[in-house]
Amino acid sequence: MLEISNLRKTFNAGTAHQVKAISGLNLSMAAGEFATIIGSNGAGKSTLLNLIAGAYQPDGGRINIAERDVTYTPEYIRATQVGRVFQDPLLGTAGAMTVEQNLALALQRGKRRGLGWGVDRQMRSQFRERLNSLGMGLEQRLGTRVNLLSGGQRQALTMLMATLARPNLLLLDEHTAALDPLAAPRITALTEQIVVQQGLTTLMVTHNMAMALAMGNRTLMMHQGEIILDLSGAERAHTSASELVARFTSRNQELLSDRMLFG
Amino acid sequence: MAFNPDTYIQAGATGLAYSGLAQGIWLSFRVLNLPDLTVAGSLAVGGAVSGILITAAGWQPLATLPVALLVGMLAGLATGLLHTKLKINALLASILVMTGLYTITLRVMSIGAAGGIRSELSLYNGTEAQLRDLLAWLPLSVQQRSAIIMAAIAIVLTLLLYWLMSSQLGLAMRATGVNEQMARSVGINTDNMKMLLLAVSNGMVAVSGALVAQNNSYTDANVGNTAIVVGLAAVILGEVVVRSAAVGWALIGALLGSVIYHIAVQIALAQQVQVTDTQLVTALLVIFALALPQIGGQFKRLGQRRSTANLPTHQRGRLGEDAD
């Protein structure tokens, strides 16, 4: 479903602030695979998602989604294949618009937007049904402006919006990190429910090692713009969170000292 | 001076003619969140195009409105292209187009002029068709007939705009203004939506300019000078009156705000206020209205500081913060 080869991205190239964010990254994901991504700050996790979504243009390499080369396709066109949920609950929804208007915008993903009513009765009943499955009482608040909702409700709505028109690829960027301790597990459970139900190919960035192993069926560790660890199957099943943390820190130090010696 | 209701009906008709300006400014200022000065040029060019078609080509006034709409839309599109494709700062792009439009307005007005360039145009020498002539069969005064015609056109335009802004395209345009990142992530071409919205906004303003010219039987190249402040005043007055951000209500608010503003100006003029003073008063009114949330916030914070004075220090700051 997703094929990335030799992807490269450098910020501020040629200046003193040059940052090599992604350096020759390769990744292949089969349809229905759910991979979690871990890595320290600055490892390139968010940059990778932004490159896949098309918010950034790469310096080189190739990105294929569902057998189509989308390396330089504009973000709004790629959005027909990619659903996204951001860390900041405010980013994924239009705050000044109502719940049903936000959902209608998401429903039209990949379709031509014309002069037909933005929200009609048929859509409303569909939205009510889908919101009901979230169990947050949002089905009663179709006409409420989204900026009156809580962060958790907004993030649940964003999850629904990202998956309403079934995307080929779902990108989750630490989407529970900004939520309170009550809302975060609900969004986590909702994520598993939606991803499993729809069999979505998913990439999820997280800082929580336990979550990285518990969710999905593959775990990737990133460091300095490369994937340095790729766990799946039995190997992943026998790895505990503390082992992962140990590998994480040792690998970081090892690479760090390598760079210090040879870089 | 004796009270003459027709004076105020005429002011109401003027307000209705200017309602398209208020709605156009609402589109760019409130929906797209972008101060678009192109409207100043669009208002003038709309009046010039309509005026010249009526006087020099003998067109029916109503038939000139679609032409004004088209010219205004092209102006908005020009600003949109400069902003989205050439990446020129939006405010600067609109100033550039506004400046260019001034020449175009003068050129259009001067078509068929005996003495070269002219910067004003009379739409009335006794023979031209007038919009209000459509109601010549009604036993009403000239002002009353004007007001009815202007109200009818304003209502039709408001309904059309309501339809557009409630459509799938309308939602996409609004999302672009509210959260561009989100708009792109649901597959909206935000550049195109900005251009479309600026085109519609300026189209409305140019139609408004045509209606104002017809209503006054006169237009000049400088009618746009006060357009932005007057339009903003109408938008803000409308928001005070309807108190709803829903699209339908906001459009009705802009319309009502425009009528209220022009009647208020008429009342002020009747109280011996000089015509030349209205601009400063309007500007101060808009500054006050725009500053109100800030001033209100200061007062609120002051009150909260007092009421949290007895709480432990670490709790004081948090109570004062807004939830969103």
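A:Glu174 is partly exposed, with 19 other C-beta atoms within 10 Å; a residue is buried if 20 or more other C-beta atoms lie within 10 Å of its own, exposed if 12 or fewer, and partly exposed in between, with C-beta atoms placed from the backbone. This is a predicted model, in which local features need pLDDT of at least 70 and side-chain atom pairs count only at pLDDT 80 or more, while totals for chains, interfaces and linings use all residues. Residues are numbered from 1 along each chain as its sequence is written, and chains are lettered from A and ligands numbered from 1 in the order in which they are written.

**Positive phi values in chain A**

- A:Glu174 has a phi near 45 degrees, a positive value in a residue other than glycine.
- A:Glu174 lies in the loop between strand S7 (169-173) and helix H6 (183-198) of chain A; helices (H or I, at least four residues) and strands (E, at least two) are DSSP runs, numbered from the N terminus.
- A:Asn12, also a residue other than glycine, has a positive phi near 55 degrees.
- The loop between strand S1 (2-11) and strand S2 (19-29) of chain A holds A:Asn12, and A:Asn12 is exposed, with 9 other C-beta atoms within 10 Å.

**An open sheet in chain A**

- An open sheet of 4 strands has the order S2-S1-S4-S5 (chain A), with antiparallel pairing; two strands pair if DSSP finds at least two bridges between them.
- S2 and strand S5 (68-69) of chain A are the edge strands, each pairing on one side only.
- S1(A) and strand S4 (residues 60-65) of chain A run antiparallel and are joined by 5 bridges.
- Across this pair, A:Ile4 stands opposite A:Ile63 in S4(A).
- Helix H1 (residues 45-53) of chain A packs on the sheet and touches S1, S2 and S4 of chain A; here contact requires C-beta atoms, placed from the backbone, within 7 Å.
- The direction of H1 makes about 65 degrees with that of S2(A), where axes are lines fitted to C-alpha atoms, for helices over the stretch in contact, and angles run from 0 to 180 degrees between N-to-C directions.

**Interface between chains A and B**

- In chain A, 27 residues are in contact with 22 residues of chain B.
- Helix H2 (75-78) and helix H3 (99-107) of chain A each supply at least two residues of the side that touches chain B, and H3(A) gives the most, with 4 residues.

**Chain B**

- Chain B has 13 helices and 2 strands.
- Of its 324 residues, 48% count as buried.

Methods. Contact = placed C-beta atoms within 7 Å.
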